[in-house]
Amino acid sequence: MPYTSPVDVFLLLTRADLALLARRRNTGYADGMWNMPSGKLEDGEDVVAAVLREAAEEIGIVLSRNAVRMVTALHYRSPSGRGRVGFVFHAESWPGEPYNREPEKCSELGWFPLDDLPADTEPYTVAGIGLYRSGTHFGLAGWS
């Protein structure tokens, strides 16, 4: 049987040396932890369309395709053993101010130093930001 995996998209918004993170709530996965605004690819959607949709849905910013660039990809294995593939897109500028559009899934937003993320940051996010910071375009995390 061929391997299948969820495809995730992450949006890394940066201001100087700070990254925007969202604290998860009521999602059933990593609740209470910080992560980049993110979501899963939907049927019939390309990864750029997915990250633009997630930006609008989660933090209320409307980005164009040329406002984001894919900075790294990550094959991640969660603590439960499930494999996922994630694409991290970076934006350095955007219209308006990000705000929490999904308070039922996110308890707060915060800006944190890229080199000093909160201890309770979700490991998938930590790995993606680490790859971005090192300029590495692909990585593995959670695999033995």
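Because the model is predicted, local features need pLDDT of at least 70 and side-chain atom pairs count only at pLDDT 80 or more, while totals for chains, interfaces and linings use all residues. Residues are numbered from 1 along each chain as its sequence is written, and side-chain values use heavy atoms, with hydrogens and water left out.

The largest nonpolar core has 18 residues. A nonpolar core is here a set of buried Ala, Val, Leu, Ile, Met, Phe, Trp, Tyr and Cys residues joined through side-chain atoms within 4.5 Å. Buried means under 20% relative accessible area, exposed means over 50%, and partly exposed lies in between (1.4 Å probe, protein chains only). The residues with the most contacts inside this core are L12, L21, M36, L74, V88 and I129. Two or more core residues come from each of β1 (7–15), β2 (18–24), β5 (69–77) and α2 (123–134). Helices (H or I, at least four residues) and strands (E, at least two) are DSSP runs, numbered from the N terminus. The most is given by α2, with four residues. A second, separate core has 16 residues, including L52, I59, I61 and A91. In soluble globular proteins, nonpolar side chains tend to be buried together.

L12 has contacts (heavy atoms within 4.5 Å) with A19, M36, V88, F89, H90, A91, L114, I129 and Y132, leaving aside neighbours within four places in sequence. H90 lies in strand β6 (residues 83–91). H90 is buried, with a relative accessible area of 2%. Two polar contacts involve the H90 side chain. A polar contact is a pair of N or O atoms within 3.5 Å; within protein, one must be able to donate a hydrogen and the other to accept it, and residues adjacent in sequence count only if both atoms are side-chain atoms. The side chain of T14 is joined to that of H90 at 2.7 Å. The side chain of Y132 is joined to that of H90 at 3.4 Å. Not counting residues up to four places away in sequence, H90 touches L12, T14, A67, V68, R69, V71 and Y132.

Helix α1 spans residues 47–59 and holds V47. V47 is partly exposed, at 23% relative accessibility. Beyond neighbours within four places in sequence, V47 is in contact with V7, V9, L41, F87 and F89. The C-alpha atoms of V47 and R25 are separated by 24 Å, and the two residues are 22 residues apart along the chain.

Nine salt bridges are found in the whole structure. A salt bridge is a side-chain nitrogen of Lys or Arg within 4 Å of a carboxyl oxygen of Asp or Glu. Side chains of opposite charge can pair when their charged atoms come close. E42 is partly exposed, with a relative accessible area of 44%, whereas R53 is buried at 16%. R53 also bridges to E45, with the closest N and O atoms 2.7 Å apart. Both E45 and R53 are buried. A further bridge joins R53 to E57, at 3.2 Å between the closest N and O atoms. R53 and E57 both lie in helix α1, four residues apart, about one turn of the helix. E57 is partly exposed, at 32% relative accessibility. Salt bridges link E42, E45, R53, E54 and E57 in a network.

On the surface, Y3, F138, L140 and W143 form a nonpolar patch with about 480 Å² of accessible area together. Patches are made of residues with over 30% relative accessible area and no salt bridge; like charges are joined within 9 Å, and nonpolar side chains (Val, Leu, Ile, Met, Phe, Trp, Tyr) within 5 Å. Accessible areas come from the Shrake-Rupley method with a 1.4 Å probe; for residues, only the protein chains shown count as cover. L140 lies in strand β8 (residues 138–141). L140 is exposed, with a relative accessible area of 60%.

Most residues other than glycine have a negative phi. N26 has a positive phi, near 60 degrees, and is not a glycine. N26 is in the loop between β2 and β3 (34–35). A30 also lies in the loop between β2 and β3, and has a positive phi of about 55 degrees although it is not a glycine. N26 is exposed at 60% relative accessibility, whereas A30 is buried at 18%.
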